[in-house]
Amino acid sequence: MPIGEAHKSGESFSGLAEYILAQGIYAPDSVSKKPEVIFRNHVYASDYLSLGKEFREQAKENQRVKKPVMHLTVNFKTADEISSKSQKLFVQKVMNEMGVKNDNHQYVVVQHNDKHPHYHIIINRVGLDGITLSDSNSKLRIGTAVDKIEKEMGLDNYLEKTRAFIYDPVKGYKINENREIKKGLPRIQMIKDRKVGIQDKKNFVQKNVLKILNNPRTTTIKDLKIQLSHLNIELRHTENVKQQIAVSFRYEGLAVKGTQIQLKGALIKKQLEANLATLNQFNEKNNVNQFAGKMASRLDSSLKEIIDTYKTGISPDMKKIFAKNDIVFDEKSKFTYEGNQLDVKAIITFEKHCREKLESAKNKFAQDTARFKMISKQKYKNGVFGLLTPEQKRFNEILSLQKDSLIKPELIVEIDANEIYNPLGNQFTAIFNEIAKMPIENSGAYIPDYNIHEDEKDSNIFKAQTQNEYSYSNSILQQSGGSAEEDEEPKRKRRFKR
């Protein structure tokens with residue numbers, strides 16, 4: 001669901017406009033990534049310098065306002081599949097909740113699609129009436145506004161649990177008593193460096209270190225070093241007697257300390273330890289799953305032998321047969337395999353079913369055998385001087401038919417395997433479902449910025465098995481620094497690499 005952010009109010013309209021419009025950055029063949037102006041109000045220019053001057057002229061109406069630039073962003077997650085029309089309506093509602101009025105405030109809304117759909121809003125805090133738009137508690141206000149709008153528009157409100165304040169129909173807002181937060185975790189953001197090419201290299205190193213750390217199978221410095229080497233990134237580290245780690249990276253002539261890209265050695269160490277804990281949980285879950293599968297297979301083999309034994313007319317020694325498959329059977333309903341015990345109550349019903357079928361088959365066999373012997377010993381009637389009476393002829397004809405159709409009896413024990421396999425199958429299905437629900441806590445040592453982890457689906461093999469949720473935000477897109485004078489005459493043209 002959407003995340004709204006209110007950045008610190010600033011002084012430079014042209015600096016922020018240049019960044020948001022990204023003018024001079026995109027090549028002609030990258031026009032699909034080019035930022036698009038969605039809404040504008042009381043400003044008409046297209047280039048960042050002219051826009052800055054239009055905003056600045058109005059800001060001069062109230063010289064007491066030192067930071068007239070309000071910068072809001074509204075971020076949408078691609079996976080939430082919110083339509084473009086709904087996104088734009090959402091943005092308009094956010095501005096309205098933040099006190100922006102069409103008849104009184106200058107603003108420009110720019111859409112970016114280079115990573116995930118998000119909107120930048122430049123607002124002049126100095127209204128056309130000269131009154132200043134409040135930026136007090138703007139970070140909390142925009143979170144409450146987003147919560148309110150989500151509920152009004154019927155959107156999924158699953159991020160409510162992360163907000164400090166949520167919408168209340170009576171008071172307008174209230175403290176979120178059920179808030180879930182990651183206390184004390186640093187947020188890793190993309191690096192900004194204005195030296196040509198340096199930012200790209202730093203971002204490449206930072207992004208790939210985080211991507212590899214995001215895989216719980218990376219549990220040691222050696223693992224990290226090997227995987228980085230495949231990307232031509234050299235990792236160097238030192239460890240003192242207190243087991244404190246310092247790291248540095250080298251890539252295409254760039255040497256950078258871990259601290260310079262927000263990846264201290266201590267942070268990396270904590271993440272590797274967290275990965276090891278996650279991997280251990282995964283292995284434990286996998287072992288339980290394998291145990292259940294092996295036991296199910298051994299039970300199946302035992303039951304087949306038991307059924308085959310019953311079909312020979314013999315009551316099997318079930319305990320002995322299970323023991324052949326390394327299963328201890330207590331002759332009631334409990335099975336023990338590799339130290340793990342399972343109570344299979346369906347075995348009681350199965351054994352009763354088999355015994356009843358064997359008893360029934362034996363009774364039928366006895367009856368059929370008696371009839372077979374009787375008919376086999378029966379002699380034909382002999383007439384007087386070879387002459388038979390009609391009754392004798394009829395008797396001999398019936399006896400002849402009976403002898404011709406006579407088949408030697410066999411003991412056939414008709415055991416329905418489903419009587420055990422269906423209940424047993426249901427029981428093991430329930431066991432496997434419980435195993436699947438076993439949570440794996442993939443705790444992190446940091447909170448990654450959404451833009452950095454846009455590729456996390458490629459590296460996190462445990463994504464579907466963990467309950468780890470990364471907050472996504474666009475907090476890296478901070479307002480550019482600068483002074484009010486830069487709106488009139490920029491000291492130099494700023495270009496931003498992405």
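Reader: How many bridges join E4 to E5, and which way do the two strands run?
Author: Six bridges join E4 to strand E5, residues 118-124, and the two run antiparallel. Keep in mind that this is a predicted model.

Reader: Which residue is the bridge partner of Gln 111 in E5?
Author: Tyr 119 is the partner of Gln 111 there.

Reader: What do E4 and E5 form, and how many residues are between them?
Author: They form a hairpin, with five residues between the two strands.

Reader: And how is E2 joined to E4?
Author: Strand E2, residues 36-41, is joined to E4 by five bridges, and this pair also runs antiparallel. Within it, Val 37 stands opposite Val 110 of E4.

Reader: Why is E4 described as largely enclosed?
Author: Because six of the six residues of E4, which spans 107-112, are buried. Here buried means under 20% relative accessible area.

Reader: Which residues of E4 point which way?
Author: Tyr 107, Val 109 and Gln 111 point one way, while Val 108, Val 110 and His 112 point the other way. Residues on both sides of E4 are buried.

Reader: New topic. Is Thr 73 buried or exposed?
Author: Thr 73 counts as buried, because its relative accessibility is 0%. Thr 73 is part of strand E3, residues 69-75.

Reader: What is Thr 73 in contact with?
Author: Setting aside neighbours within four places in sequence, Thr 73 is in contact with Ile 3, Gly 4, Glu 5, His 7, Tyr 119, His 120 and Ile 142. With His 7 there is a polar contact of 3.1 Å between the side chains.

Reader: Ok, helices. Where does H1 cross H2, or rather, at what angle?
Author: The axes of H1 (residues 13-21) and H2 (residues 48-59) cross at roughly 145° and come within 8 Å. The crossing is right-handed.

Reader: Which residues make that contact?
Author: From H1, Phe 13, Ser 14, Ala 17, Glu 18 and Leu 21 take part. From H2, the residues are Tyr 48, Leu 51, Gly 52, Phe 55, Arg 56 and Ala 59. By class, the contact has seven nonpolar, two polar and two charged residues.

Reader: Why is H1 called largely enclosed?
Author: Nine of the nine residues of H1 are buried, so the rest of the structure largely encloses this helix. Among them are Gly 15, Leu 16, Tyr 19 and Ile 20.

Reader: What is at the start of H1?
Author: A side-chain oxygen of Ser 12 reaches to within 3.0 Å of the backbone nitrogen of Gly 15.

Reader: And what follows H1?
Author: Ala 22 follows, and its phi is positive, near 50°.

Reader: One more. What is the order of the open sheet of three strands?
Author: The order is E12-E13-E14, and the pairing is antiparallel. E12 (328-329) and E14 (340-343) are the edge strands, each pairing on one side only.

Reader: Over how many bridges do E12 and E13 pair?
Author: E12 and E13, residues 334-337, pair over two bridges. Val 328 stands opposite Thr 336 in E13.

Reader: Which helix lies across E13 and E14?
Author: Helix H7, residues 265-311, lies across them and runs at about 120° to E13.

How values were computed:
Residues are numbered from 1 along each chain as its sequence is written. This is a predicted model: local features need pLDDT of at least 70, side-chain atom pairs count only at pLDDT 80 or more; totals for chains, interfaces and linings use all residues. Side-chain values use heavy atoms; hydrogens and water are left out. Axes are lines fitted to C-alpha atoms, for helices over the stretch in contact, and angles run from 0 to 180 degrees between N-to-C directions. Helices (H or I, at least four residues) and strands (E, at least two) are DSSP runs, numbered from the N terminus. A crossing is left-handed if the near helix is turned anticlockwise from the far one by less than a right angle, and right-handed if clockwise. Contact means heavy atoms within 4.5 Å. Ala, Val, Leu, Ile, Met, Phe, Trp, Tyr, Cys and Pro count as nonpolar, Asp, Glu, Lys and Arg as charged, and the others, Gly among them, as polar. Buried means under 20% relative accessible area, exposed over 50%, partly exposed in between (1.4 Å probe, protein chains only). A polar contact is a pair of N or O atoms within 3.5 Å; within protein, one must be able to donate a hydrogen and the other to accept it, and residues adjacent in sequence count only if both atoms are side-chain atoms. Two strands pair if DSSP finds at least two bridges between them.
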